[in-house]
Amino acid sequence: MRMCTGCMEMKPKKELIRVVKNKEGEISLDLTGKKPGRGAYVCRNVDCLEKSFKTKRLSRNLETSISQEIYDDLRKAVEA
């Protein structure tokens with residue numbers, strides 16, 4: 001079980017999308033859940049994604065700012 005940074009609900013890992021910050025500080029999406037690095041999770045729901053960015057919880061959990069490019073990629077993954 002992992003917590004969504006948008007709705008703050010505990011859900012099974014398979015239902016969430018993982019955003020990872022690696023040792024070099026690069027942010028990427030981890031759709032497999034196996035990339036090394038610090039991870040934060042978001043539901044496959046546009047409302048949770050919007051709430052996560054509006055409250056800056058995703059940025060705080062990863063301890064870095066999230067670029068618009070990563071946000072757009074995450075939005076595409078959620079909508080797919």
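## The annotated domain

UniProt lists residues 2-75 under "domain: YlxR" in an unreviewed entry; positions follow the numbering used here, feature names are shortened, and annotations may be inferred rather than shown by experiment. Within this span, 31% is helix and 27% is strand, and the end C-alpha atoms lie 19 Å apart. Helices (H or I, at least four residues) and strands (E, at least two) are DSSP runs, numbered from the N terminus.

The model is predicted: local features need pLDDT of at least 70, side-chain atom pairs count only at pLDDT 80 or more, and totals for chains, interfaces and linings use all residues. Residues are numbered from 1 along each chain as its sequence is written, and side-chain values use heavy atoms, with hydrogens and water left out.

Valine 20 stands opposite serine 28 in β4. The two strands form a hairpin with 5 residues between them, and glycine 25 in the turn has a positive phi of about 90°.

## Packing of α1 and α3

Helix α1 (residues 46-54) packs with helix α3 (residues 68-79) at an angle of about 160°, their axes being 9 Å apart. Therefore α1 is roughly antiparallel to α3, a term for angles over 145 degrees. Axes are lines fitted to C-alpha atoms, for helices over the stretch in contact, and angles run from 0 to 180 degrees between N-to-C directions.

Val46, Leu49, Glu50 and Phe53 in α1 meet Tyr71, Leu74, Arg75, Val78 and Glu79 in α3, contact meaning heavy atoms within 4.5 Å.

Notes: Angles under 35 degrees count as roughly parallel, over 145 as roughly antiparallel, 65 to 115 as roughly perpendicular and the rest as oblique. Two strands pair if DSSP finds at least two bridges between them.
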